[in-house]
Amino acid sequence: MSRRASVAAHLVLALVLGAPLGDAAARRVGVAAGPVVASLPHGGAIDWSAGVMQARGAAAADLRAPSPALARVGASRIAAEQARGRLREAALAMTLADGSSVAAVVERDVAAAARLDRAVARAREVWVTHTSDGSVALT
């Protein structure tokens with residue numbers, strides 16, 4: 001495996017583990033430092049330079065709830081689960097430098113699957129919008 005390919009594989013694994021990609025790693029790969037962002041389906045994104053994946057989730061309020069505040073609790077939980085599911089899907093769809101997918105690695109390596117699950121579980125909500133009817137959208 002070439003040096004560039006091994007560094008690229010390291011960058012994907014660093015993303016899954018939550019480590020940021022610094023300027024030193026960018027220089028080793030031979031790219032200019034600065035934000036490198038790739039779009040994901042459903043409005044998500046991967047910021048390779050910061051080592052951050054973003055996914056969006058949204059949920060409608062339960063119309064049978066007695067108040068919007070109570071409806072918001074369930075909607076928040078559903079939106080967060082949806083966003084975490086989209087993060088996991090995006091991570092599994094990534095291709096490593098050797099041509100294999102993260103999904104293939106996770107399938108054959110139990111430890112890698114556990115690391116991915118922990119990384120997805122640690123995802124934080126950075127943007128939350130509550131509507132007047134109790135619906136929630138978050139990133």
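Predicted model: local features only at pLDDT ≥ 70, side-chain atom pairs only at ≥ 80, totals over all residues.
Trainee: Where is Thr139 found?

Mentor: Thr139 lies in the segment after β6, a strand that covers residues 136-138.

Trainee: Is Thr139 buried or exposed?

Mentor: Buried means under 20% relative accessible area. Thr139 has 13%, so Thr139 is buried.

Trainee: Let me step back. How many helices and strands does the protein have?

Mentor: There are five helices and six strands. From the N terminus on, the order is α-α-β-β-β-β-α-α-α-β-β.

Trainee: How do I read a sheet?

Mentor: Start with the pairing. Strands of a sheet pair through backbone hydrogen bonds, either parallel or antiparallel. Here, an open sheet of three strands has the order β1-β2-β3, and the pairing is antiparallel.

Trainee: Which strands stand at the edges of this sheet?

Mentor: β1 (37-39) and β3 (52-54) do. Each has a single partner strand, so one side of each is left without a neighbour in the sheet. On average, neighbouring strands of this sheet are turned by 10° against each other, direction ignored.

Trainee: How many bridges join β1 to β2?

Mentor: Three bridges join them, and the two strands run antiparallel. β2 covers residues 45-47.

Trainee: What about Ala38?

Mentor: Ala38 is in strand β1. Its relative accessibility is 27%, so Ala38 counts as partly exposed. Ala38 touches Ala45, Ile46 and Trp48, not counting residues up to four places away in sequence. Now look towards Met53. Ala38 and Met53 are 15 residues apart along the chain, and their C-alpha atoms are separated by 9.4 Å.

Trainee: Which residues of α3 are buried?

Mentor: Here is the general idea. An α-helix has 3.6 residues a turn, so residues three or four places apart point the same way. In α3, the buried residues are Ala71, Gly74, Ala75, Ala79, Ala80, Ala83, Leu87, Ala90 and Ala91.

Trainee: What covers the buried residues of α3?

Mentor: The cover includes β3, β4 (57-59), α4 (102-108), α5 (110-121) and β6.

Trainee: And how do I read a core?

Mentor: In soluble globular proteins, nonpolar side chains tend to be buried together. Here, the largest nonpolar core has 16 residues. Met53 and Met94 have the most contacts inside this core. The elements that give two or more residues to it are α3, α4 and α5. α5 gives the most, with four residues. Another core, of seven residues, lies apart from it; Ala75, Ala80, Val136 and Leu138 are among its members.

Trainee: Which numbers describe the whole protein?

Mentor: The protein has 139 residues, and 34% of them count as buried. The accessible surface comes to about 8300 Å². Carbon and sulfur atoms hold 58% of this surface.

Conventions: Residues numbered from 1 in each chain as written. Heavy atoms only, no water. Buried < 20%, exposed > 50% of the residue type's maximum accessible area, 1.4 Å probe, protein only. Pairing = 2+ DSSP bridges. Axes fitted to C-alpha atoms, helices over the stretch in contact; angles between N-to-C directions. Contact = heavy atoms within 4.5 Å. Areas by Shrake-Rupley, 256 points an atom, 1.4 Å probe, with all protein chains shown as cover. Core = buried A, V, L, I, M, F, W, Y, C linked by side-chain atoms within 4.5 Å.
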